[in-house]
Amino acid sequence: MATMTEPTIDNALLAHLQTWQGQSETLNDTLTATPVVAMSATLDRDDPVPALGTAVPPLWHWMYFLPHARQSEIGPDGHPKRGGFLPPVPLPRRMWAGGRLRWEAANPLQVGQQVQRQSTIQSVKHKAGRSGELLFVLVEHQYRNAQGLALTEEHDIVYRSAAQPGEPAPAPQKPPLDGQASWSRTIVPDDVLLFRYSALTFNGHRIHYDRKYVTEVEGYPGLIVHGPLIATLLLDLLRRELPGAQVASFDFRAVRPTFDLHPFSVHGKPSADGKTIELWAQDHEGWLTMQGTAGLF
């Protein structure tokens, strides 16, 4: 049975971490073609070579505005050391828990554009439960090109306490639309796929490639498939089935970790009017791992 430990984050530390609320940073980047070509290859797509003005597919903007911490500034988990723009949360496990995105119909992000991203920490919240401490950081990103606002994104980051011996696993869930998928695709999350996605997003987090670290330090059974990769595969499924669709919105949340030990699957079901697509991922046992809803223009 798991034992409760004293909280790592007391009221004084939480108040300190919450002083990061409202903090902003602004970054600039050029949406070059090479990452788009590389992502097409990684997702096993036969896309034409992008030209200037080619729309950047939904969620592929995650290959830009990457953190470029010097090697001496990397923490033990492979991420940049805590502090700076994000608060220095002392909990060791950090995950991308979900997000909400809204695209502007008349102003898509395109290859060749100069784009500015303004990021603001909207909230820092603490919770203690049966599985230990959790700290949630909500970051809003606004992406602007020469024509103005192109995309607004809310990004949910969750920090968790270290795994405890005997800690109960969260109860698994079946997808609400289990067995009702109109579209399905099986994904084999091998080491190469995880490596290539880490490389494309300059993600040094060791849980995605260092088996010894992820099993012995963070206590997981295998390499963890990136949450953003699964979200990208959900919208990639939509694009494969509806190549001409233009995504207006996407809300998603990670429900359960996906490991590289078995294939997993992505599924979709359009609404009757075709304007809303329910999307979800399942592990090899059929448990829900990510749930999302896409809206079309």
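Predicted model: local features only at pLDDT ≥ 70, side-chain atom pairs only at ≥ 80, totals over all residues.
How many bridges join strand β9 (residues 276-282) to β10, and do the two run parallel or antiparallel? I looked this up and found seven bridges, with the strands antiparallel.

Residues are numbered from 1 along each chain as its sequence is written, and side-chain values use heavy atoms, without hydrogens and water. Helices (H or I, at least four residues) and strands (E, at least two) are DSSP runs numbered from the N terminus; two strands pair if DSSP finds at least two bridges between them.

Entry on β10. I found I277 paired with A294 in β10. In the hairpin of β9 and β10, five residues lie between the strands, and G286 there has a positive phi near 90 degrees. I then turned to strand β7 (residues 247-254), which is joined to β10 by seven bridges and runs antiparallel to it; A254 stands opposite M290 in β10. Seven of the nine residues of β10 (residues 288-296) are buried, so the strand is largely enclosed by the rest of the structure. Buried means under 20% relative accessible area, exposed over 50%, and partly exposed in between (1.4 Å probe, protein chains only).

Entry on positive phi. I recorded F65, not a glycine, with a positive phi of about 55 degrees; F65 sits in the loop between α2 (34-42) and β2 (93-103) and is buried at 7% relative accessible area. F202 has a positive phi near 45 degrees and is partly exposed at 49%.
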